[in-house]
Amino acid sequence: MKLSEIKSKLRSLETIAFQLPNGTLVPNHFHVTEVGKITKNFIDCGGTVRSENVANFQLWEADDYDHRLHPEKLLSIIELSEKVLNIEDLEIEVEYQSDTIGKYGLDFDGTNFLLTSKLTDCLAKDKCGIPEQKPKLKFSDLQNDAPSCEPGSGCC
């Protein structure tokens with residue numbers, strides 16, 4: 001989800017809820033403690049120089065159980081961050097504390113913002129010897145295309 005998309009959704013919501021990949025909700029007394037831009041400059045395992053930019057939100061739970069972040073407040077924080085930090089319309093990455101700081105993508109199901117799992121990947125499979133995944137075939141499909149071993153078919 002990009003910044004423009006979350007801003008559009010926030011304008012139509014009365015409350016904000018974030019849902020973890022396991023289906024549980026982030027406690028509703030969470031704070032968004034940071035909105036920023038993260039730039040990652042790196043070299044992949046194939047030697048290609050790469051750069052990645054994301055808008056970053058950090059969610060945090062406090063002992064302030066009376067605090068609720070309202071959509072218009074988060075919208076104003078995002079807009080201020082865009083203006084002051086010159087953040088363009090980037091994909092959003094969300095940080096949230098579990099056993100360690102987890103990084104999530106962001107989606108929306110019409111009610112809740114969904115924290116989506118992110119996975120690591122090799123960006124240079126062609127240069128570091130990782131074979132492409134072979135297509136999985138069903139044995140039953142192979143049998144239908146195979147020559148018949150009926151008498152007179154020539155298979156024996």
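**Salt bridges and surface charge in a predicted model**

Arg11 and Glu79 form a salt bridge, with their closest N and O atoms 3.2 Å apart. Arg11 sits in the loop between α1 (3-10) and β1 (18-19), while Glu79 belongs to helix α2, so the pair ties together parts that are 68 residues apart in sequence. Arg11 is exposed, with a relative accessible area of 53%, whereas Glu79, at 33%, is partly exposed. The model that holds this pair is a predicted one.

The chain as a whole gives the setting for this contact. The protein chain has four helices and six strands, and along the sequence they come in the pattern α-β-β-β-α-β-β-β-α-α. Of the contacts in the protein chain with a separation of 6 or more, 66% are between residues 24 or more positions apart. The chain has 156 residues, and 32% of them count as buried. Its accessible surface is about 10800 Å², and carbon and sulfur atoms contribute 51% of that area.

Side chains of opposite charge can pair when their charged atoms come close. The count of salt bridges in this model is seven, and the Arg11 to Glu79 pair is one of them. Another salt bridge joins the side chains of Asp44 and Arg50, at 2.6 Å from N to O. Asp44 counts as buried because its relative accessibility is 8%, and the cut-off for buried is under 20%. Arg50, its partner, is partly exposed, with a relative accessible area of 29%.

A further salt bridge is formed by the side chains of Lys118 and Glu93, with an N to O distance of 2.7 Å. This pair links distant parts of the chain: Lys118 is in the loop between β6 (113-117) and α3 (125-128), Glu93 is in strand β4, and the two are 25 residues apart. Glu93 counts as buried, at 6% relative accessibility, while Lys118 counts as partly exposed, at 41%. The pairing extends to another residue, as salt bridges that share partners join Glu93, Lys103 and Lys118 into one network.

Other acidic residues belong to a surface patch. Glu5, Asp89, Glu91, Asp107 and Asp109 gather on the surface in a patch of negative charge. Residues qualify for such a patch only with over 30% relative accessible area and no salt bridge. Asp89 is partly exposed, with a relative accessible area of 36%, and therefore passes the area cut-off of 30%. Asp89 lies in the loop between α2 (71-85) and β4 (92-97).

Which loop holds Asn86? Asn86 is also found between α2 and β4. Its phi is near 55°, a positive value in a residue other than glycine. Asn86 counts as exposed, with 58% relative accessibility.

Definitions and conventions: Residues numbered from 1 in each chain as written. Predicted model: local features only at pLDDT ≥ 70, side-chain atom pairs only at ≥ 80, totals over all residues. Heavy atoms only, no water. Patch = residues over 30% accessible without salt bridge, like charges linked within 9 Å, V, L, I, M, F, W, Y side chains within 5 Å. Areas by Shrake-Rupley, 256 points an atom, 1.4 Å probe, with all protein chains shown as cover. Salt bridge = Lys/Arg side-chain N within 4 Å of Asp/Glu carboxyl O. Lys, Arg positive; Asp, Glu negative; His and termini not counted. Charge placed at Lys NZ, Arg CZ, Asp CG, Glu CD. Buried < 20%, exposed > 50% of the residue type's maximum accessible area, 1.4 Å probe, protein only. Contact = heavy atoms within 4.5 Å.
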